[in-house]
There are 4 protein chains.
Amino acid sequence: MTRASRPSARATDDLIRAARSARRRAYAPYSGFHVGAAVLTGSGAVASGCNVENASFGLSICAERAAVHLAIAEGHRRLLAVAVSSGPAEATPCGACRQVLAEFGVRTVIIDRPRGDPLVFDLADLLAHPFAGTRLRRRS
Amino acid sequence: MTRASRPSARATDDLIRAARSARRRAYAPYSGFHVGAAVLTGSGAVASGCNVENASFGLSICAERAAVHLAIAEGHRRLLAVAVSSGPAEATPCGACRQVLAEFGVRTVIIDRPRGDPLVFDLADLLAHPFAGTRLRRRS
Amino acid sequence: MTRASRPSARATDDLIRAARSARRRAYAPYSGFHVGAAVLTGSGAVASGCNVENASFGLSICAERAAVHLAIAEGHRRLLAVAVSSGPAEATPCGACRQVLAEFGVRTVIIDRPRGDPLVFDLADLLAHPFAGTRLRRRS
Amino acid sequence: MTRASRPSARATDDLIRAARSARRRAYAPYSGFHVGAAVLTGSGAVASGCNVENASFGLSICAERAAVHLAIAEGHRRLLAVAVSSGPAEATPCGACRQVLAEFGVRTVIIDRPRGDPLVFDLADLLAHPFAGTRLRRRS
């Protein structure tokens with residue numbers, strides 16, 4: 001992927017704003033770590049989500065995946081980019097989120113930072129040699 | 001919980017309709033099993049979701065949890081009921097979804113059926129003696 | 001299930017001992033909640049596990065599931081009972097674990113307690129009206 | 001990490017053999033995709049696991065994580081390498097497994113292939129800029 005395929009500065013700003021807004025809704029009573037995320041779809045729509053933890057830690061969901069799930073539920077199937085905002089402690093997506101982002105073709109990962117410009121990564125670099133479902137027989 | 005605290009017939013119909021609609025967006029290429037769900041919040045709002053599968057099966061999310069995550073991202077914290085629609089093969093929520101529903105106080109589980117009235121359960125019966133986070137120290 | 005099908009007092013003691021021992025290996029730096037579990041297989045073998053948390057909370061695994069996964073990796077396919085030990089804060093299995101226990105036919109859930117006899121439940125009561133894969137087409 | 005820190009040819013062979021053996025126990029009725037994995041611990045021990053699927057797809061576990069969980073339950077805390085065997089359809093670990101491998105310091109990922117030498121990756125390349133729990137306050 002070339003940098004040319006990255007979201008415009010304006011789209012990037014919009015995504016970060018949506019991620020920051022979603023972060024305020026995070027339900028993180030067990031970690032105290034609040035995260036928001038927003039995905040940009042192939043048709044230019046934005047869907048956002050926050051982390052939602054659970055008393056059984058393994059049932060917690062990250063913000064990135066919550067945002068993807070919402071975009072899919074809204075009928076989108078191709079996703080272009082994701083922005084992540086986690087406040088003072090900037091963080092990249094965990095491996096699970098990278099895998100879910102890859103399922104729908106996300107190319108660009110934008111990390112909001114408390115100061116300065118956001119960090120921008122290609123998902124292909126964050127999840128090199130990805131596991132893919134192409135060899136699994138599909139049913140629908 | 002008494003039956004009196006269950007959603008009204010009208011609210012139940014609305015929830016089922018939302019669950020059916022969400023089901024049409026399900027992303028289930030690996031199982032071919034399409035599910036939609038909708039939750040009713042304490043303030044009367046409805047949030048819906050569908051199952052979103054992944055090539056790495058363990059990263060798949062069920063419709064019920066997707067709907068909960070959306071409600072939380074919209075700022076709700078108390079949930080009352082959930083409706084689930086899975087087409088010809090009616091199904092109750094899996095154990096993971098029951099646990100996530102319990103985190104936010106859901107009391108009523110409504111199962112859409114191809115024919116006849118929906119099935120209605122109390123979550124307290126579907127997840128008796130639940131694991132609870134009350135003994136975990138909270139941070140926020 | 002009748003009480004007659006429950007493990008003997010001796011088998012129950014063995015399971016609890018194995019669960020307590022596994023608990024000492026728990027990796028729980030994020031919750032501080034240490035849990036061990038042991039499953040009894042159809043052929044009388046015992047497999048145990050502990051919870052293993054992750055910085056990405058959603059990738060944490062509970063002790064009960066870890067024990068099941070080990071039993072399966074050792075070639076067992078039918079499981080009879082599980083014992084859970086969580087120290088001073090006794091706890092029942094979360095919904096996710098109940099679902100995984102059900103996949104392999106577990107019938108009895110034994111909860112170790114700091115004082116007094118263990119609590120014993122039928123899984124059928126802890127996961128009533130379970131979601132089952134019988135309607136999913138199997139491939140192998 | 002330099003290549004010098006990779007497992008020896010002999011240790012690599014042992015790991016692959018363990019992964020292949022574990023693969024024969026895989027429980028994969030829903031995908032038909034059988035995978036085995038083995039991890040090498042800091043003290044030279046080997047722990048193996050297989051994928052264990054569930055009717056609720058999201059509760060499925062991959063072989064790599066099952067192997068890690070077993071190593072932890074056996075008291076190990078530092079892991080060096082993992083081998084993965086998936087038969088004719090060679091596959092790299094999914095993002096979730098990469099994150100769990102990273103939690104315990106795994107450096108080398110070995111992919112068994114039906115023909116020819118195994119593929120060998122550095123986990124640092126498969127999960128660049130990892131999400132880490134270092135900023136989360138630990139409790140134990």
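1. Chain B of this predicted model holds an open sheet of five strands in the order β2-β1-β3-β4-β5, with mixed pairing; strands are DSSP runs (E, at least two residues) and helices likewise (H or I, at least four), numbered from the N terminus, and two strands pair if DSSP finds at least two bridges between them. The edges are β2 (46-50) and β5 (119-122) of chain B, each pairing on one side only.

2. Within that sheet, β1 (residues 36-41) of chain B runs antiparallel to β2(B) and is joined to it by five bridges, with B:Leu40 opposite B:Val46. Helix α1 (residues 9-23) of chain B packs on the sheet, touching β1, β2, β3 (79-85) and β4 (108-111) of chain B, where contact means heavy atoms within 4.5 Å.

3. In chain C, the axes of α2 (residues 63-73) and α3 (residues 95-103) come within 9 Å and cross at roughly 20°, axes being lines fitted to C-alpha atoms, for helices over the stretch in contact, and angles running from 0 to 180 degrees between N-to-C directions. α2(C) and α3(C) are therefore roughly parallel, the term for angles under 35 degrees. Their contact involves C:Glu64, C:Arg65, C:Val68 and C:His69 of α2(C) with C:Ala96, C:Cys97, C:Val100 and C:Leu101 of α3(C).

4. As to conventions, residues are numbered from 1 along each chain as its sequence is written, and chains are lettered from A and ligands numbered from 1 in the order written. Local features need pLDDT of at least 70 and side-chain atom pairs pLDDT 80 or more, while totals for chains, interfaces and linings use all residues, and side-chain values use heavy atoms, leaving out hydrogens and water.

Notes: Parallel < 35°, antiparallel > 145°, perpendicular 65-115°, else oblique.
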